[in-house]
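Reader: I would like to learn how to read packing features from a model. Can we take them one at a time?

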Amino acid sequence: MAVNGLSTAPVPTLPAHTDPDTDRVLDSGLLHELSYAFGGPFHFLLPHRFDANLAAFRTALSDAGVEGRVYYAKKANKAAVWMERCAAHQAGVDVASVGELREALGHGVRGENIVVTGPAKSDELLRLALLQGCLIAVDALDELDLLVTLALTGTVRPARLLLRRLPPAQPHSRFGMDAAEIETALDRCVRAGEAVRMEGFSFHLSGYATQPRADLAGELVDLCLKARVLGLQADRISIGGGFAVDYSPADRWHTFLAEQKPEHYHAKKPFQTGDFYPYHSPVAGAGALRTILAGVPEGGRSSLAGLLKETGTLLMMEPGRALLDGAGATVFCVQGVKDRDGYRILTVDGTSLSLSEQWFNSEYLPDPQLVTPTGRPDDGEPHPACVGGASCLESDMVTWRKVPFPARPRVGDLLVYPNTAGYQMDSNESPFHDLPLPPKVVLDRLGSRPRWRLDRRPAC
């Protein structure tokens with residue numbers, strides 16, 4: 001059946017969890033004013049949600065009786081406001097470049113609260129990290145040798161470091177050192193004497209499963225005990241990130257996966273369900289941390305929390321997406337509408353490079369919300385439409401999926417993509433076609449009339 005040439009056959013929908021904070025912003029009327037002022041897409045940020053997520057992680061540690069520290073993975077979002085919140089709450093920051101390190105320092109984050117990760121770090125990054133007293137996750141033996149040399153010749157303080165372990169379950173990972181390399185690294189740390197303060201071990205583990213993290217964390221604790229016998233400090237471990245975010249209710253997610261098929265996408269683009277981020281996760285954020293702490297490492301007799309307390313080992317973690325859950329959204333304005341066979345093609349005033357899931361040949365699936373100058377319409381009928389970007393590339397699709405909007409989208413309407421602060425806003429940004437990068441707007445106060453300001457980054 002078709003209405004005005006458009007199909008009314010059902011297409012899958014995937015609504016995000018209801019979020020009163022975002023709803024207040026959508027209903028305030030502010031977004032159309034900002035769209036007019038900026039003349040293009042933009043992101044809005046909700047810093048109080050970052051604060052709440054950070055507090056939830058800290059509460060999970062406290063409830064388990066575990067000493068721990070949370071480091072925000074800066075790569076998840078470049079906005080300066082997150083550095084401001086970390087400095088205000090004495091939280092740590094995980095950086096992987098000179099630019100990231102300088103920005104964290106420039107917003108008041110102390111060097112001792114910064115961990116430097118990433119493979120094959122440059123001399124400049126290592127020197128700056130040494131001077132500022134940062135903790136450095138050493139990824140390889142040659143990097144360790146360079147760090148020791150710099151510590152012996154260029155600074156007046158020891159190099160604080162973790163040794164990164166290659167996960168045995170992921171032997172092809174390019175991150176970390178295998179068992180033999182760890183043995184060599186420990187020997188070199190001992191021989192370096194006071195030039196090195198070897199504080200423990202870390203790992204980079206792909207995926208979001210909790211038990212493998214508890215298992216590998218147990219192995220790192222054993223390594224700490226071995227290193228202590230050698231006279232090294234070795235009193236902490238880092239389990240990295242990998243704390244999932246729960247974007248959508250379980251029933252809607254599983255129904256979507258069961259129903260979606262190529263004809264539900266523009267040009268019948270085929271997607272493999274395994275390529276999608278798990279937009280529903282029954283264990284997410286600080287809840288995932290609680291599960292990891294309660295898990296019994298392989299071959300162990302007590303929970304990870306018990307093992308950490310028994311051995312006096314501090315637990316570090318580096319969440320990014322999970323600290324940004326609910327902390328922002330992305331706004332596009334519709335500037336063109338075309339009717340096609342059974343659906344519409346919307347063209348917005350930005351490009352797909354502003355939603356970074358396209359980088360992985362995937363799709364950001366939570367439904368965008370349609371906002372008109374008078375509110376959020378609903379005429380009782382689905383209006384399927386995909387969303388294209390403003391560039392001249394056929395592949396510039398913000399949303400390949402035919403989203404069943406609750407009313408007919410028109411030029412001047414806004415599409416608000418929910419919960420995009422974690423990795424979506426700027427991991428893949430580009431000023432293609434000389435289009436400006438979408439600005440970030442910080443909303444400091446919600447209500448009928450939110451108060452806003454532009455996010456500002458310090459000049460380097």
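Author: Start with charges over rings. A charge sits over a ring if NZ of Lys or CZ of Arg is within 6 Å of the ring centre and within 35 degrees of the ring normal. Keep in mind that this is a predicted model.

Reader: At what distance from the ring centre does lysine 269 lie over the face of phenylalanine 271?

Author: The distance is 5.6 Å for lysine 269 over phenylalanine 271. Lysine 269 also lies over the face of tryptophan 400, at 4.7 Å from the ring centre.

Reader: Next, ring pairs. How many aromatic pairs does a search of the whole structure find?

Author: The search gives 17 aromatic pairs. Take phenylalanine 38 with tryptophan 452: the centres are 6.3 Å apart and the planes are at 80°. Planes over 60 degrees apart count as edge-to-face, so this pair is edge-to-face.

Reader: Where do phenylalanine 38 and tryptophan 452 lie?

Author: Phenylalanine 38 is in helix α2 (residues 30–38), and tryptophan 452 is in strand β19 (residues 451–454). The pair therefore ties together parts that are 414 residues apart in sequence. Both members have some accessible area: phenylalanine 38 is partly exposed at 25%, and tryptophan 452 is partly exposed at 40%.

Reader: Which residues do ring pairs link into a cluster?

Author: The cluster holds Tyr208, Tyr247, Trp253, Phe256, Tyr265, Phe271, Phe276, Tyr277, Tyr279 and Tyr364.

Reader: Now helix packing. What describes two packed helices?

Author: Two numbers do it: the angle between the axes and the distance between the axes. Apply that to helix α3 (residues 47–63) and helix α11 (residues 285–294). Their axes come within 8 Å and cross at roughly 20°. Angles under 35 degrees count as roughly parallel, so α3 and α11 are roughly parallel to each other. Their crossing is right-handed.

Reader: Which residues make the contact between α3 and α11?

Author: From α3 come Ala56, Phe57, Thr59, Ala60, Leu61 and Asp63. From α11 come Gly285, Ala286, Leu289, Arg290 and Leu293.

Reader: At roughly what angle do the axes of α3 and helix α4 cross?

Author: They cross at roughly 45° and come within 10 Å, with α4 covering residues 80–88. That angle makes α3 oblique to α4. This crossing is right-handed. Pro47, Phe50 and Asp51 of α3 meet Val81, Trp82, Arg85 and Cys86 of α4.

Reader: Is the crossing of α5 and α6 left-handed or right-handed?

Author: α5 passes α6 in a left-handed crossing. The axes of helix α5 (residues 98–106) and α6 come within 9 Å and cross at roughly 25°. That makes α5 roughly parallel to α6. On the α5 side, Val98, Leu101 and Arg102 take part; they meet Glu124, Leu125, Leu128 and Ala129 in α6.

Reader: Which residues of helix α6 are buried?

Author: In α6 (residues 123–131), they are Leu125, Leu126, Leu128, Ala129 and Leu130. Leu125, Leu128 and Ala129 also meet α5. After α6 comes glycine 133, with a positive phi near 75°.

Reader: Is leucine 105 buried, partly exposed or exposed?

Author: Leucine 105 lies in α5 and counts as partly exposed, at 22% relative accessibility. Leaving out residues up to four places away in sequence, leucine 105 touches Arg110, Gly111, Ile114 and Gln132. The C-alpha atoms of leucine 105 and alanine 87 are separated by 9.2 Å, across 18 residues of chain.

Reader: What phi does asparagine 419 have, and where does asparagine 419 lie?

Author: Its phi is positive, about 55°, although asparagine 419 is not a glycine either. Asparagine 419 lies in the loop between β17 (414–417) and β18 (440–445). Asparagine 419 is buried, with a relative accessible area of 14%.

Definitions and conventions:
Residues numbered from 1 in each chain as written. Predicted model: local features only at pLDDT ≥ 70, side-chain atom pairs only at ≥ 80, totals over all residues. Heavy atoms only, no water. Phe/Tyr/Trp six-rings, centres within 6.5 Å; stacked < 30°, edge-to-face > 60°. Helix = DSSP H or I, 4+ residues; strand = E, 2+ residues; numbered from the N terminus. Buried < 20%, exposed > 50% of the residue type's maximum accessible area, 1.4 Å probe, protein only. Axes fitted to C-alpha atoms, helices over the stretch in contact; angles between N-to-C directions. Parallel < 35°, antiparallel > 145°, perpendicular 65-115°, else oblique. Left-handed = near helix turned anticlockwise from the far one by under 90°. Contact = heavy atoms within 4.5 Å.
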